[in-house]
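Work through the exercises below with the sequence and the model open. Each task sentence is followed by a solution in steps.

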Amino acid sequence: MFKNDEGVIANKEIDSLELEKAKQIIIGLQKQMAEYIKNGSGPFLAAIYDENGKLIAQNANSVVSENCSHNHAEMNTIKEAEKVLNTYDLSQYNLSLYVTSEPCMMCLGGILWSGIKAVYYGLPSKRVEEITGFDEGFKPKWFDAFQKRGITVYGNIAPMEAEQVLYNYVENGHIVYKPER
């Protein structure tokens, strides 16, 4: 695992240009969240870009608005990219997923099986759980598992922006779905 002075973590050596690009995209997603939340989406947003920087798909969490527990931002965005590119195997396109917070256990599986080549996320799961109470799931050594499969991961990118979005979401009384245990 690699870590820089800003607290960004990665499963490969951190490239400053790659990190700056990811930071701009993730901050942009965080800024867009207010509009998505106003329209009934959950507080997470994801986007998929190709290797040339072209936006392929972008979508938010729609679990509550569509009454479907697997409609996380990452899953919705992957599904949209597969539709746009007319394939279930995204590996041939060298795509990167950018998401406002660390993917949960379910989304990690979806990312792994989709063929996405890189994942960049904002706020780590531990903070998401502390702010919202949402159970991110059991994810042992997922950075290593992704590296083993050739998937680059950079995390903890611009986490303060993500925290503010989540605090606002919770403080404004929006639903954070949690299945009964």
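## Exercise 1: helix α1 against helix α7

Helix α1 passes helix α7 in a left-handed crossing; a crossing is left-handed if the near helix is turned anticlockwise from the far one by less than a right angle, and right-handed if clockwise. The model is predicted, so local features need pLDDT of at least 70 and side-chain atom pairs count only at pLDDT 80 or more, while totals for chains, interfaces and linings use all residues. Residues are numbered from 1 along each chain as its sequence is written, and side-chain values use heavy atoms, with hydrogens and water left out.

Task: Describe how the axes of α1 and α7 are placed and which residues make the contact.

Solution. 
- Step 1. Helices (H or I, at least four residues) and strands (E, at least two) are DSSP runs, numbered from the N terminus. Here α1 covers residues 16-38 and α7 covers residues 159-171.
- Step 2. The two axes come within 9 Å and cross at roughly 15 degrees. Axes are lines fitted to C-alpha atoms, for helices over the stretch in contact, and angles run from 0 to 180 degrees between N-to-C directions.
- Step 3. That angle makes α1 roughly parallel to α7 (under 35 degrees is roughly parallel, over 145 roughly antiparallel, 65 to 115 roughly perpendicular and the rest oblique).
- Step 4. I27, Q30, M33 and I37 of α1 meet E161, A162, V165 and Y169 of α7, where contact means heavy atoms within 4.5 Å.
- Step 5. By class, the contact of α1 with α7 has six nonpolar, one polar and one charged residues. Ala, Val, Leu, Ile, Met, Phe, Trp, Tyr, Cys and Pro count as nonpolar, Asp, Glu, Lys and Arg as charged, and the others, Gly among them, as polar.

## Exercise 2: helix α5 against helix α7

Solution. 
- Step 1. The crossing of α5 and α7 is right-handed.
- Step 2. From α5 the contact takes R127, V128, I131 and T132, and from α7 it takes E163, L166, Y167 and V170.
- Step 3. These residues divide into five nonpolar, one polar and two charged.

## Exercise 3: aromatic pairs

Task: Classify the ring pairs Y98 with Y120 and Y121 with F143.

Solution. 
- Step 1. Rings of Phe, Tyr and Trp (its six-membered ring) pair if their centres lie within 6.5 Å; planes under 30 degrees apart count as stacked, over 60 as edge-to-face and the rest as tilted. By this rule the count comes to seven aromatic pairs.
- Step 2. The rings of Y98 and Y120 have centres 4.8 Å apart and planes at 10 degrees, so the pair is stacked. This pair links distant parts of the chain, with Y98 in strand β5 (residues 96-101) and Y120 in strand β6 (residues 118-123), 22 residues apart.
- Step 3. Y121 and F143 are edge-to-face, at 6.5 Å centre to centre and 90 degrees between the planes. Y121 is in strand β6 and F143 in helix α6 (residues 142-148).
- Step 4. Ring pairs link Y49, Y98, Y120 and Y154 into a cluster.
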